Amino acid sequence: ALELHVWFNPYRARHSAAKSPLAASHIASRQSALVKRYGDQLWMDPGEPAASAHSLAVVADVVRRYDVDGVHIDDYFYPYPVTVNGTDTPFPDSDSHARYQLGGGTLERDDWRRSNVDRFVQDLYATVHQVKPWVRVGISPFGVGKPDRRPTGVTGFSQYDKLYADVENWFNKGWLDYLAPQLYWTVNREGLPFEPLLDQWVAENTQARHLWPGFFTSQLSKPGWKASEILQQIQLQRARGDKATGHIHFSMVALMQDRDSIATQLRAGPYEQPALVPATPWLNEPGGLPPPAPLLKRESARVLIVPGAGEAAQRWAVWRRLREGSRDSAGEHWRFSVQAAHETTINTTGASRVAAAAVDRVGNLGPAHSLALP
């Protein structure tokens with residue numbers, strides 16, 4: 001099943017690669033006090049409430065006007081440090097922090113920065129679900145957590161101290177529907193081993209949200225990376241069962257180019273059959289029920305799916321029991337597929353029985369109806 005999750009960078013106002021001049025409608029033109037130059041880029045100041053309000057308004061507008069399945073933000077909160085001669089250059093937010101203190105605020109700079117990002121993440125989650133309760137909110141942060149919670153032997157960059165991203169806090173409080181930590185290292189990478197990092201995030205998933213680790217599949221063009229590495233990471237993720245219900249590849253380019261035959265091996269192995277997106281039942285309305293079972297109706301040489309009364313299906317889960325040889329052969333097996341809601345005809349070629357169930361907007365699977373074929 002293919003979904004569309006819209007990606008936002010909530011604070012970056014202008015990338016260094018931008019070529020054209022700022023438009024008159026750009027926030028740096030309209031509200032220049034909210035935007036700071038840091039290094040060779042422009043950033044909205046997370047300490048300015050109007051800056052966060054602007055990003056939330058943009059997200060709400062997109063969710064309201066487009067039929068998206070999810071809202072996704074990346075690992076950029078406060079920007080990664082700009083280093084000059086080996087020393088981090090402070091982000092220029094002294095004025096906004098001073099106004100906060102003049103207004104009675106008591107937090108020191110680092111804690112204040114984290115509180116700004118915390119508030120944005122919490123407000124983002126509430127805003128999206130207020131507009132459309134079924135749209136999921138996901139975050140793909142840097143893959144290493146707080147220094148005091150890291151597994152033994154894990155070292156490296158601290159997003160808690162440098163990006164002011166308290167990811168464990170968001171995850172523990174359920175301010176997201178899925179977390180996709182960027183586990184962009186090999187299984188045996190010294191200081192950043194894949195499996196202990198995955199288990200650290202599993203342990204943090206106290207609200208039973210989706211945990212979908214991100215894989216750096218595009219590294220397959222680089223020395224030391226093979227398709228077998230990605231296949232092993234998928235195996236390790238799936239071994240966690242309902243503690244880690246999926247994964248994300250960065251990026252699609254590597255799959256389209258079939259680097260190191262990764263797409264070929266995925267199709268022949270872990271992706272041999274289609275799969276439903278894991279259900280997000282906590283987004284149901286109170287008292288919400290799974291969608292009703294459809295009716296299967298044989299019509300000449302085809303089978304039609306007739307939707308049941310009640311909640312409309314977003315897609316159909318379809319099973320076909322395929323014959324191998326004769327109808328009574330012990331070699332018969334079930335084959336699964338996913339169809340869009342408008343695809344209400346089941347291909348019965350070679351099948352002795354078919355079954356179908358409705359899937360709703362948050363992935364809940366309703367009861368199935370089956371039909372034997374002559």
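In this predicted model, strand S3, which covers residues 35-38, and strand S4, which covers residues 41-44, pair in the antiparallel sense over four bridges. Among the residues concerned, Tyr38 has Gln41 of S4 as its bridge partner. The two strands form a hairpin with two residues between them, and in that turn Gly39 has a positive phi of about 65°.

Strand S13 (residues 295-299) and strand S14 (residues 302-306) run antiparallel and are joined by five bridges. Within this pairing, Leu296 has Ile305 of S14 as its bridge partner, while Lys297 stands opposite Leu304 in S14. Two residues lie between the strands of this hairpin, and here it is Ser300 that takes a positive phi, near 60°.

Taken together, the three strands make an open sheet with the order S13-S14-S17 and antiparallel pairing. S13 and S17 each have a single partner strand and therefore stand at the edges, with one side of each left without a neighbour in the sheet.

Another open sheet contains four strands, in the order S16-S15-S18-S19, again with antiparallel pairing. Its edges are formed by strand S16 (333-340) and strand S19 (365-372), each of which has a single partner strand, so that one side of each is left without a neighbour in the sheet. On average, and with direction ignored, neighbouring strands of this sheet are turned by 20° against each other. One of the pairings in this sheet is that of strand S15 (residues 315-322) with S16, which is antiparallel and extends over eight bridges; in this pairing Arg320 stands opposite Arg335 of S16.

Two packed helices are described by the angle between their axes and the distance between the axes. For helix H7 (residues 194-204) and helix H8 (residues 227-238), the angle is about 30° and the axes are 11 Å apart, and the crossing of H7 and H8 is right-handed. On the H7 side the contact is made by Phe194, Glu195 and Leu198, and on the H8 side by Gln233, Leu236 and Gln237. Sorted by class, the residues of the contact of H7 with H8 comprise three nonpolar, two polar and one charged.

Helix H2 (49-65), helix H3 (94-102) and helix H4 (109-131) each supply at least two residues of the lining of the second largest pocket. Among the contributors, H4 gives the most, with six residues. The lining of this pocket is made up, by class, of eight nonpolar, five polar and four charged residues.

Two places in the backbone deserve a separate look. Most residues other than glycine have a negative phi, and most peptide bonds are trans. Against that background, the peptide bond from Phe250 to Ser251 is cis, with omega near 5°, and Ser251 has its place in the loop between strand S12 (248-249) and helix H9 (252-256). Ser261, although it is not a glycine, has a positive phi of about 55°, and this residue is found in the loop between H9 and helix H10 (262-268).

Methods: Residues are numbered from 1 along each chain as its sequence is written. This is a predicted model: local features need pLDDT of at least 70, side-chain atom pairs count only at pLDDT 80 or more; totals for chains, interfaces and linings use all residues. Side-chain values use heavy atoms; hydrogens and water are left out. Two strands pair if DSSP finds at least two bridges between them. Ala, Val, Leu, Ile, Met, Phe, Trp, Tyr, Cys and Pro count as nonpolar, Asp, Glu, Lys and Arg as charged, and the others, Gly among them, as polar. Axes are lines fitted to C-alpha atoms, for helices over the stretch in contact, and angles run from 0 to 180 degrees between N-to-C directions. A crossing is left-handed if the near helix is turned anticlockwise from the far one by less than a right angle, and right-handed if clockwise. Contact means heavy atoms within 4.5 Å.
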